[in-house]
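Please open the structure in a viewer and keep the selection panel at hand. The stops below proceed one selection at a time.

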Amino acid sequence: TEVRDLLRQATEARQYTLVLRLQRVLLYDPAVGEPDKAKIMANLLSENSLPYASAAILELIVDEALKRGQQDLAVKAAQTMIDDFTETDAALSARMLLARIAADEGDYAIAVGHLTIVREVFASSPEAAEALMQLGDIHFKHREFDEADEAYNDILGVKEWRSLWPAALY
């Protein structure tokens with residue numbers, strides 16, 4: 001097909017960003033068989049892909065790496081997303097993921113750092129409400145009641161976040 005020809009040319013020319021994009025296109029091509037899709041995905045799920053990946057490809061890498069239990073690769077891809085696509089929706093989801101992983105691993109300082117950035121940079125997003133809720137929960141868990149109360153009260157101050165009000169009031 002034409003895409004495969006372009007992929008060969010891009011590979012020969014060492015145009016790695018284009019190679020990754022064309023591979024992603026092939027993943028969604030119904031004419032491409034499952035064995036070929038598995039090879040393409042294996043190539044994408046490599047640390048070597050990260051410096052050349054677009055935001056969409058990085059999101060694909062994060063999702064697939066998590067599905068396959070490759071958390072280290074998912075974390076590196078999420079960090080690359082933050083580094084390369086700062087203050088975009090891709091960075092927002094990456095920060096939320098890294099905050100969740102850090103909190104799950106007990107690294108609350110890193111979790112609080114990511115959640116604070118989400119709260120400040122993406123203040124009007126629904127994720128900001130989620131970040132505030134998680135911040136409140138972390139502070140509450142560490143018996144930092146004033147900080148927890150402040151986070152919960154910030155949620156109560158936004159009408160669009162009323163679905164979280166019951167949890168914030170609890």
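Select Tyr52 to begin: in this predicted model, Tyr52 sits in the loop between α3 and α4. Leaving aside residues up to four places away in sequence, Tyr52 touches Tyr16, Thr17 and Leu20. The C-alpha atoms of Tyr52 and Tyr16 are 6.1 Å apart in space, although the two residues are 36 residues apart in sequence.

Now display the two side chains. Tyr16 belongs to helix α2 (residues 16-27), whereas Tyr52 lies in the loop between α3 (34-44) and α4 (55-67), so the pair ties together parts that are 36 residues apart in sequence. With a relative accessible area of 35%, Tyr16 is partly exposed; Tyr52, at 36%, is partly exposed as well.

The structure holds two aromatic pairs. For the other, select Phe140 and Phe145, whose rings are arranged edge-to-face, 5.4 Å centre to centre and with 70 degrees between the planes. Phe145 counts as partly exposed, at 39% relative accessibility.

**Helices α2 and α4**

Return to α2 and select α4 with it. The two axes come within 10 Å and cross at roughly 60 degrees; α2 and α4 are therefore oblique to each other. Their crossing is left-handed. To see the contact, show Leu20, Arg21, Arg24 and Leu27 on α2, together with Ala56, Ile57 and Leu60 on α4. By class, the residues of this contact between α2 and α4 comprise five nonpolar, no polar and two charged. Leu20 of α2, which takes part here, is also one of the residues that Tyr52 touches.

**Helices α1 and α2**

The axes of α1 and α2 cross at roughly 155 degrees and come within 9 Å. The two helices α1 and α2 are therefore roughly antiparallel to each other, and α1 passes α2 in a left-handed crossing. On the α1 side, the contact is made by Val3, Arg4, Leu6, Leu7, Ala10 and Thr11. On the α2 side, select Leu18, Val19, Leu22, Gln23, Val25 and Leu26. The residues of the contact of α1 with α2 fall into nine nonpolar, two polar and one charged.

Centre the view on Arg4, which lies in helix α1. Is Arg4 buried or partly exposed? Arg4 has a relative accessible area of 30% and is partly exposed. Its C-alpha atom is separated by 8.0 Å from that of Leu22, 18 residues apart along the chain. Not counting residues up to four places away in sequence, Arg4 touches Leu26, Val32 and Asp36.

**Two loop residues with positive phi**

Follow the chain from α1 towards α2 and select Arg14, found in the loop between α1 (2-12) and α2. Arg14 is not a glycine, yet has a positive phi of about 60 degrees. Arg14 counts as exposed, at 61% relative accessibility.

Next, move to Glu87, in the loop between α5 (71-84) and α6. Here too phi is positive in a residue other than glycine: for Glu87 the value is near 60 degrees. Glu87 counts as exposed at 57% relative accessibility.

**Helices α6 and α7**

The crossing of α6 and α7 is left-handed. For the contact, display Leu92, Arg95, Met96, Leu98, Ala99, Ala102 and Ala103 of α6. Which classes of residue make up the contact of α6 with α7? The contact has twelve nonpolar, one polar and one charged residues.

Note on methods
Residues are numbered from 1 along each chain as its sequence is written. This is a predicted model: local features need pLDDT of at least 70, side-chain atom pairs count only at pLDDT 80 or more; totals for chains, interfaces and linings use all residues. Side-chain values use heavy atoms; hydrogens and water are left out. A crossing is left-handed if the near helix is turned anticlockwise from the far one by less than a right angle, and right-handed if clockwise. Helices (H or I, at least four residues) and strands (E, at least two) are DSSP runs, numbered from the N terminus. Contact means heavy atoms within 4.5 Å. Ala, Val, Leu, Ile, Met, Phe, Trp, Tyr, Cys and Pro count as nonpolar, Asp, Glu, Lys and Arg as charged, and the others, Gly among them, as polar. Rings of Phe, Tyr and Trp (its six-membered ring) pair if their centres lie within 6.5 Å; planes under 30 degrees apart count as stacked, over 60 as edge-to-face and the rest as tilted. Buried means under 20% relative accessible area, exposed over 50%, partly exposed in between (1.4 Å probe, protein chains only). Axes are lines fitted to C-alpha atoms, for helices over the stretch in contact, and angles run from 0 to 180 degrees between N-to-C directions. Angles under 35 degrees count as roughly parallel, over 145 as roughly antiparallel, 65 to 115 as roughly perpendicular and the rest as oblique.
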